[in-house]
Amino acid sequence: RCDELVLPSDPKELNAMYGSCSSDSSNKDKQSSKNKKRRKPMRTYCGCWYHKSCLNTFLTNPPFGLECPTVNCGRRVFHPDWPSNIKQLEREWAAKQAR
C-alpha cells in the first residue's frame, strides 16, 4: 500500500479520474488521463479506500486473501471488480508468470 493520500484535496481532480478521455485529446492529455485513472480512489467492502493501481496489486499478487492493512480494520479486502476466489486468483497469477 502506498503512502499517498487516496482522495485528492481538489474535488475537480475526482472528475478527471472518473471522467472519460475525449477522442480529440493530445497524447500528453491521454497519458495524464491514464495516470489519473490509475490513482482513482476505490472503496472496498471493508470500507477502506485504495488507489485503483494499489488495489489491483494488493488483490492480484501473492500472498492472496490478506487482511486490510488499515489500522483497526483487519477484514479481508474484497472488491466486485476482482475475483474473490483465492484459487482463481492463484491460477491467474500462475498463468501470468508462465508467460
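Buried here means under 20% relative accessible area, exposed means over 50%, and partly exposed is in between (1.4 Å probe, protein chains only). Keep that in mind as you click along. This is a predicted model, where local features need pLDDT of at least 70 and side-chain atom pairs count only at pLDDT 80 or more, while totals for chains, interfaces and linings use all residues. Numbering runs from 1 along each chain as its sequence is written, and side-chain values use heavy atoms, with hydrogens and water left out.

**Stop 1: helix H3.** Select residues 52-60, which form helix H3; helices (H or I, at least four residues) and strands (E, at least two) are DSSP runs, numbered from the N terminus. Show the side chains of Cys-54, Leu-55, Phe-58 and Leu-59, the buried residues of H3. These four sit on the same side of H3, because they cover an arc of only 120° around the axis (the arc being that of the directions from the helix axis to the C-beta atoms). What lies over them? Strand S1 (41-43), S2 and H4 are among the elements that cover the buried residues of H3.

**Stop 2: the cysteines.** Stay on Cys-54, which is buried at 15% relative accessibility. Its sulfur is 3.6 Å from the closest cysteine sulfur, in Cys-2, so the two are too far apart for a bond. Now jump to Cys-68, buried at 5%. The closest cysteine sulfur to that of Cys-68 is in Cys-48, 3.5 Å away and again too far for a bond. A disulfide is counted as a pair of cysteine sulfur atoms within 2.5 Å, and searching the whole structure turns up 0 of them.

**Stop 3: His-51.** Pick His-51 in strand S2 (residues 49-51). Buried or exposed, at 2% relative accessibility? His-51 counts as buried. Leaving aside neighbours within four places in sequence, His-51 is in contact (heavy atoms within 4.5 Å) with Cys-2, Glu-4, Leu-5, Val-6, Arg-38, Arg-39 and Lys-40.

**Stop 4: Pro-83.** Next, go to the loop between H3 and helix H4 (86-98), where you'll find Pro-83. Pro-83 is partly exposed, at 26% relative accessibility. Not counting residues up to four places away in sequence, Pro-83 touches Gln-88, Leu-89 and Glu-92.

**Last stop: Leu-7.** Finish in the segment before helix H1 (11-18), the place of Leu-7. With a relative accessible area of 43%, Leu-7 is partly exposed.
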